[in-house]
Amino acid sequence: MLKKIQVRDLVMGMYIHEVCCSWMDNPFWHNSFLLTNKKDLGTFFDHRIKEVWIDTRKGVDTCNKTKIVLLEEENRQIDSTLAKIADQQPTFVQKVSLSEELVKAQQILSNITKDAVIAFEGTRKGHPVNIEQLAGMVDQLKGSILRNPDAILGLVRQKSATNYDYIHLVGVSSLMMALGRQLDYDNETIKELGMAGFLLDIGKSLLPNQIVHKTGKLTLEEFNLLKTHTQKGWEFLKLSKGISDIALDVCLHHHECIDGTGYPDQLAGDKIGTYARMASICDVYDAISSNRCYNSSWEPAESLRKMTEWKKGKFDDDIFGAFVKTIGIYPSGTLVKLKSGRLAVVVEQTETSLLKPIVKAFFSTSTKVHVFPELIDLSRSSDTIIAKEDPKSWGFDLMKIAYA
Ligand SMILES: [Fe+2]
Ligand SMILES: [Fe+2]
């Protein structure tokens, strides 16, 4: 059984199922492990982690009955938060079809990745940001996001280990612009948000590679060094010409938290600028939902649930709601089971309801065979989503199915 307990109630032999903190604050890199040494226990306190999920089937149970939350209870709370957001009408935006935009988006991404690699390597050597080149990349991305955000947002999830850093920047930039569109910002501000998304982690290119890409557990010193990327990036951007105040603020404050526990300035609530509050959500979502070599990703819908769990104290409520409306309750790439018994992958959001996206049905759960793929707009169909499914337990390559 999964139980959420206080870190002070941990004892040796408990099986840690999950550390209750935002992925960005998790010093362990792997979430599940048997607690067998005091050093690991100390790490929880060093990093001010307050709660963990333990699995009582795999390790020692807790005897403290006062502060336990059961998984079902937690899930109910998360579901009711998401249900409240799902009740809201998505913003209607005219857009081109996904199939049409996917062709353009693929081309844009291949151009941009090449340029982003060169730009990132340039920063590593101390070259200032080439603002014209960056503006060119962001303009291309913005065009695609405004035509149909699901194309780029779906494609950037397919990050591989080799191009992760660059595609993370493209992903955050795209999410920032899609969120900016949802919040009804003007074109110029949307572009600035895209630029800011590209630049927010630039300080990491100024840190030793072996720390930024370390696959094992980070020491407290390494963790603290990694946190300096916000300040270092801000100082670097200050020296570059033409960087907007939005990009500077986002770079410095994208790891601040609403409850004042973030870094570098421990700003709380409204003291954190709106754009930095937007960036913290986009940055975390992109990081946890990506395919990475050293930290296996969560599915899009699971990433959203995780963020709903962390939301209190971390993210701005209203902006988080707008973010969910941007990517959907069932974001593109989510595997779902339909009432008709078919499995389908979500490919696009619709304007009618956050619960009725366009899906591609491809597998029959009754006959256990693949069926001819069919695109179904659930906002115009009698079929409905009855459950989310875990693609790992089915073994499907969803991205291939979704965008083939
Ligand atoms: Fe960052
Ligand atoms: Fe990041």
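Helices in these views are DSSP runs of H or I that span at least four residues, and they are numbered from the N terminus. The model shown in every view is a predicted one.

**View 1. Helix 14 is followed by Gly328.** The phi of Gly328, the residue after helix 14, is positive, near 90°. At the other end, where helix 14 starts, a side-chain oxygen of Asp316 comes to within 3.0 Å of the backbone nitrogen of Asp318. Between these two ends helix 14 is mostly covered, since 9 of its 11 residues are buried. Among the buried residues are Phe320 and Phe323, together with Gly321, Lys325 and Thr326.

**View 2. Domain 2 and domain 3 are parts of a chain that is divided into three stretches.** The division gives domain 1 (2-67), domain 2 (98-327) and domain 3 (335-403). The C-alpha centres of domain 2 and domain 3 are 29 Å apart, and their contact draws on 14 residues from domain 2 and 9 residues from domain 3.

**View 3. The area buried between domain 2 and domain 3 is about 1,100 Å².** Carbon and sulfur atoms give 60% of this area. On the side of domain 2, Leu98, Asp150 and Glu299 supply 37% of what that domain buries against domain 3, which is more than any other three residues supply.

**View 4. Several helices of domain 2 supply residues to the side that touches domain 3.** The elements that give two or more residues to this side are helix 3 (98-124), helix 5 (149-155), helix 13 (300-314) and helix 14 (317-327). Helix 14, the helix of View 1, gives the most, with 3 residues. Taken by type, the residues on this side of domain 2 divide into 5 nonpolar, 4 polar and 5 charged.

**View 5. His253 lies in helix 11, which covers residues 245-253.** His253 counts as buried because its relative accessible area of 9% falls under 20%. The side chain of His253 makes a polar contact with the side chain of Asp265, at 2.8 Å.

Terms used:
Residues are numbered from 1 along each chain as its sequence is written. Chains are lettered from A and ligands numbered from 1 in the order in which they are written. This is a predicted model: local features need pLDDT of at least 70, side-chain atom pairs count only at pLDDT 80 or more; totals for chains, interfaces and linings use all residues. Side-chain values use heavy atoms; hydrogens and water are left out. Buried means under 20% relative accessible area, exposed over 50%, partly exposed in between (1.4 Å probe, protein chains only). A polar contact is a pair of N or O atoms within 3.5 Å; within protein, one must be able to donate a hydrogen and the other to accept it, and residues adjacent in sequence count only if both atoms are side-chain atoms. Domain bounds come from an automatic or database domain assignment. Contact means heavy atoms within 4.5 Å. Buried area is the accessible area (1.4 Å probe) that two parts lose on being put together, summed over both. Ala, Val, Leu, Ile, Met, Phe, Trp, Tyr, Cys and Pro count as nonpolar, Asp, Glu, Lys and Arg as charged, and the others, Gly among them, as polar.
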